[in-house]
Amino acid sequence: MIAFEPPAPVAVPPSDPEIRQRLRLQSIGWALAAGISAGLLSLPWGLEAAVRSGGCGLFYGLLAFHLQRVDPDDGHLQAGLVGAVCGLRSLGMPLPLDNWQVDGLASLLLELLQAWLPLIGGALLLHGTLRFLPASRP
């Protein structure tokens, strides 16, 4: 007979209203920092790209904050989160199916890089800033 191990204990949310309020504000701060930095990094490619990247950056910031609270030492999970948000950003891009020649694939690759680089840069800026400001960590 196989013995199953009990599941790992789940982090208990803090019950003190002051702590919960501080965590909410930090979560909003992380989201704004990631969203604004991703939006500003993609602004040279136009306002539409900046708005899309900013929205994805907000989403990334919220998820990264809560992931940091759950498992702060898992860098692979953080990198996977950046990849997932980049993938979500790619879903909103038009896919030119009529030109599968070298120039069409090159332009698709350039569009993907223009979409992903601001998000990756925003994530790096967020985590780099948090290394210098340890009080803002959850």
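This is a predicted model: local features need pLDDT of at least 70, side-chain atom pairs count only at pLDDT 80 or more; totals for chains, interfaces and linings use all residues.

Student: How much of the chain counts as buried?
Tutor: The chain has 138 residues, and 30% of them count as buried.

Student: Let's take H1. How many residues does H1 have, and how far does H1 reach?
Tutor: H1 has 26 residues. From first C-alpha to last, H1 reaches 38 Å, close to the 38 Å expected at 1.5 Å a residue.

Student: Which residues of H1 are buried?
Tutor: They are Leu23, Gln26, Ser27, Trp30, Ala31, Ala34, Gly35, Ser37, Ala38, Gly39 and Ser42.

Student: How far is Leu23 from His66?
Tutor: Their C-alpha atoms are separated by 9.7 Å. Along the chain, Leu23 and His66 are 43 residues apart.

Student: Now H2. What is its span?
Tutor: H2 reaches 35 Å from its first C-alpha to its last, with 24 residues. That is close to the 34 Å expected.

Student: Which residues of H2 are buried?
Tutor: Among them are Ala49, Ser53, Gly57, Tyr60, Ala64 and Phe65. Gln68 is buried too.

Student: How do H1 and H2 cross?
Tutor: Their axes come within 7 Å and cross at roughly 145 degrees. The crossing is right-handed. The residues of this contact divide into 13 nonpolar, eleven polar and one charged.

Student: And H3, how many residues does H3 have?
Tutor: H3 has 17 residues. H3 reaches 25 Å, close to the 24 Å expected at 1.5 Å a residue. Its buried residues are Gln78, Leu81, Val82, Val85, Cys86, Arg89 and Ser90.

Student: Switching topic. How many cavities of 30 Å³ or more are there?
Tutor: The count comes to one. The largest cavity has a volume of about 50 Å³.

Student: Which residues line the largest cavity?
Tutor: Its lining is Ala34, Ala38, Gly57, Tyr60, Val82, Val85, Cys86, Leu119, Gly122 and Ala123. Helices H1 (17-42), H2 (47-70), H3 (75-91) and H4 (102-132) each give two or more residues.

Student: How does that lining divide into nonpolar, polar and charged?
Tutor: Eight residues are nonpolar, two are polar and none is charged.

Student: What about the largest pocket? How much space lies in it?
Tutor: About 280 Å³ lies in the largest pocket. H2, H3 and H4 each give two or more residues to its lining.

Student: Which element gives the most to the lining of the largest pocket?
Tutor: H4 does, with six residues.

Student: Which residues lie nearest the centre of the largest pocket?
Tutor: Tyr60, Gly75, Gln78, His127 and Arg131 do, out of 16 lining residues. By class, the lining has seven nonpolar, five polar and four charged residues.

Key:
Residues are numbered from 1 along each chain as its sequence is written. Side-chain values use heavy atoms; hydrogens and water are left out. On a 1 Å grid over the protein atoms alone, a cavity is a set of points where a 1.4 Å probe fits but cannot get out, and a pocket is an open set with protein on both sides within 12 Å along at least five of seven lines; lining residues have an atom within 4 Å of a point. Grid points are joined across faces, edges and corners, and a volume is the space filled by probe spheres set on the points. Helices (H or I, at least four residues) and strands (E, at least two) are DSSP runs, numbered from the N terminus. Ala, Val, Leu, Ile, Met, Phe, Trp, Tyr, Cys and Pro count as nonpolar, Asp, Glu, Lys and Arg as charged, and the others, Gly among them, as polar. The expected span of a helix is 1.5 Å times one less than its number of residues. Buried means under 20% relative accessible area, exposed over 50%, partly exposed in between (1.4 Å probe, protein chains only). Axes are lines fitted to C-alpha atoms, for helices over the stretch in contact, and angles run from 0 to 180 degrees between N-to-C directions. A crossing is left-handed if the near helix is turned anticlockwise from the far one by less than a right angle, and right-handed if clockwise.
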